[in-house]
Amino acid sequence: MGLSSVEFTSKVMLRHDAGQLRERARELRSLMNLKPYIEFARKAFAREAVYRVEVLTKIGSLILRVYVLRSLWTALYARNAAPLNLPLHSMITYVTVAMLMSLILSVDGTWLLREKIREGTIETDLIKPISIPLYLFSDGFGQALLQAVLVIPSLLCALLLVHIDIPNGATFVIFMLSFTVGYCVNFLLNLLMNSVAFWTLDSTVAQMIVRWASELLSGAIIPLTFFPGIVGRVVTALPFAAIYSTPLLIYVGVIPASQWALAIAVQCIWLVLFAVLASMVWSAASRKIVIQGG
Amino acid sequence: MIGARLRTRGRTCNPAHISNLPAIIDTRDLRKVFRSLKRRTGPLGALSTLFSHEREERVAVGGVTMSLESGELVGYIGPNGAGKSTTIKMLTGILVPTSGELRVAGLVPWQQRQANARNIGVVFGQRSQLYWDLPLIESFDLLRAIYGIPQAQYRRNLNELVELLQMEDLLRTPVRQLSLGQRMRGDFAAAMMHNPSIVFLDEPTIGLDVVAKEAVREFIARINAQRGTTILLTTHDLADVERLCRRIVLIDHGQIIYDGSIDRLRDEYGRTRTLVVRFAAPVVDPQLDGADLASMESSTARFSFDRSREHAGLLVRQASERYSVEDISFEEPELGAIIRRIYVEGYATS
């Protein structure tokens, strides 16, 4: 059910904008008080930690996939498919680190939003003095933290099967920085996708399309440097590259120290663009809210 | 036209306008129109809906003007789809009004949603604001963080609410394992934890058994009396209203059709009282001057009369003089019947 924008008289509209600005200012001030959001993250962490079997299954399947990918790439490289400037050990490092990253990046805290809109439970959040996007971020962050704890045993098990290059200190710090920016871009992308539900009341299809696109185009499965010519340049320019590709290419050294600043700047541009877009979508969405069932 | 006249009637009766106290809730010509794509039916209905740009409008709230004085407990009554919940959603900042003005404790809810949220408490009978997976106490703890409630105040409120709502045994239970009545008590506590000055109750007794209903009513009355909390209550159970509210606002088709005291409504609308007479011996076609025989069953007759014209005492004397009477009683018009009549006939007569 698509709902057209609610029409305002121009008078109401003007007052609305002024009020919106004041509200924004107040929101910014209330952001200083992070206590509720820290609490949301803690609760999400505790909630996810309950599912122990799922945790073990996750590590198991990850190890299996790492092993399969190692065999695959080893076979491909043996057939002399070795591309460009990525030697086999870098390739295996790339896919293993990508796997570990996906533990954290596959967490989607904004998925809750879709449920809340569809079932109308979003009204119980709107009656509280909290920012809903920030609430979703903290909830997702709490879940991601639990996944981050899992990275350590997963890494240790993976090391039994494959060899991973360990980068020098500076590279690792920049990788972590780039990964953090990528995490935020990923959050905003998910948020935008799930916000579609404000208009369509369901966003499953949009979600699936973006998920497919982002798996292929973010460099989570194969490095974007493998895409030839113009295609390669296009996919590198897409926002998806900011999620997996940039941090991973920094890790394996394809992006040299001289280009770190540029690479992270490009990520930050996407971050800012998505943040602006998300805030526009949210201010439009608040006028569109239709509560289901009542 | 009738609506306009009635609104002024309602307002003269509203204490806020007599005593010049600032209204804590104030709405002026508040409207909410939902516009949606027109859905088509038929074999290719879904497909043509996809390409159609035909829209239909539904006026949920069509110009509501009302004000509540601080400390009032007002019943907001109307049939399903009359616009009650939509009004509450605008007052709580969930929905943005299409036009009109509103102020809740001086704030415009949809512009200052978060600030407004600190002043208000909300209970939705059909929806819980508690965290489903968490034990009740952890939901409360989360609310403490959300509202930044100081530890001392939190302790005091928690103890008071737990005692008042008898929840000691429930605190460690995950919300999803609570019964509806238990969950409702939890929701009431959650809504009160940050000492809101205004509370919106949207059908809080829906689906509760008699005992739980009474406990909820008791709680609402106490909160209103002891804390001076302003309460706007929507309900379908008129027993809630009769027990709790002096003032009611009736809404139908998005318009306010009555705003005033329950007593006045009864006076104006419930003029017809019923005199029930049980005869000692069978009587054929009993007659009383000034009253109409409404029904006759075995030896019990029901007479209806206009209480503004006939004196009840005289009718009793008349009956006992004419017939051999075993028992006499009066039936007051039921509030539900009065309100049903207003919805059917409109508030025009009297």
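This is a predicted model: local features need pLDDT of at least 70, side-chain atom pairs count only at pLDDT 80 or more; totals for chains, interfaces and linings use all residues.
Q: How many helices and strands does chain A have, and what makes a run count as either?
A: Chain A has 13 helices and zero strands. Both are DSSP runs numbered from the N terminus: a helix is H or I over at least four residues, and a strand is E over at least two.

Q: Why is A:Arg42 said to form a salt bridge with A:Glu39?
A: The closest N and O atoms of the two are 3.6 Å apart. A salt bridge needs a side-chain nitrogen of Lys or Arg within 4 Å of a carboxyl oxygen of Asp or Glu, so A:Arg42 and A:Glu39 qualify. Both lie in helix α2 (residues 35-49) of chain A, three residues apart, about one turn of the helix.

Q: Which parts of the chain does the pair of A:Asp139 and A:Arg47 link?
A: The side chains of A:Asp139 and A:Arg47 meet in a salt bridge at 3.0 Å, N to O. The pair links distant parts of the chain, with A:Asp139 in helix α7 (residues 132-161) and A:Arg47 in helix α2 of chain A, 92 residues apart. A:Asp139 is buried because its relative accessible area is 3%, and A:Arg47 counts as partly exposed because its value is 25%.

Q: Why does the pair of A:Glu123 and B:Lys89 join two chains?
A: These side chains meet in a salt bridge of 3.6 Å, N to O. A:Glu123 belongs to helix α6 (residues 122-126) of chain A and B:Lys89 to helix α4 (residues 84-91) of chain B, so the bridge runs between chains. A:Glu123 and B:Lys89 are both buried.

Q: Why is B:Asp240 called buried, and which residues is it in contact with?
A: B:Asp240, found in helix α10 (residues 238-244) of chain B, counts as buried because its relative accessibility is 1%. Contact means heavy atoms within 4.5 Å. Leaving aside neighbours within four places in sequence, B:Asp240 is in contact with B:Thr205, B:Arg217, B:Leu233, B:Thr235 and B:Cys245.

Q: What makes the 2.6 Å pair of B:Asp240 and B:Thr205 a polar contact?
A: A polar contact is a pair of N or O atoms within 3.5 Å; within protein, one must be able to donate a hydrogen and the other to accept it, and residues adjacent in sequence count only if both atoms are side-chain atoms. The side chains of B:Asp240 and B:Thr205 are joined at 2.6 Å, so the distance meets that limit.

Q: Why is one side of β5 and of β9 in chain B left without a neighbour in the sheet?
A: Six strands of chain B form an open sheet with mixed pairing, in the order β5-β6-β7-β3-β8-β9. β5 (120-124) and β9 stand at the edges and each has a single partner strand, so one side of each has no neighbour in the sheet.

Q: Why do β8(B) and its partners count as paired?
A: Two strands pair if DSSP finds at least two bridges between them. Strand β3 (residues 73-77) of chain B runs parallel to β8(B) over four bridges, while six bridges join β8(B) to strand β9 (residues 255-261) of chain B in the antiparallel sense. Both counts reach the cut-off, so both are pairs. B:Tyr76 stands opposite B:Val249 in β8(B), and B:Ile251 stands opposite B:Ile256 in β9(B).

Q: How many residues of strand β8 (residues 247-252) of chain B are buried?
A: Six of its six residues are buried, and the strand is mostly covered.

How values were computed
Residues are numbered from 1 along each chain as its sequence is written. Chains are lettered from A and ligands numbered from 1 in the order in which they are written. Side-chain values use heavy atoms; hydrogens and water are left out. Buried means under 20% relative accessible area, exposed over 50%, partly exposed in between (1.4 Å probe, protein chains only).
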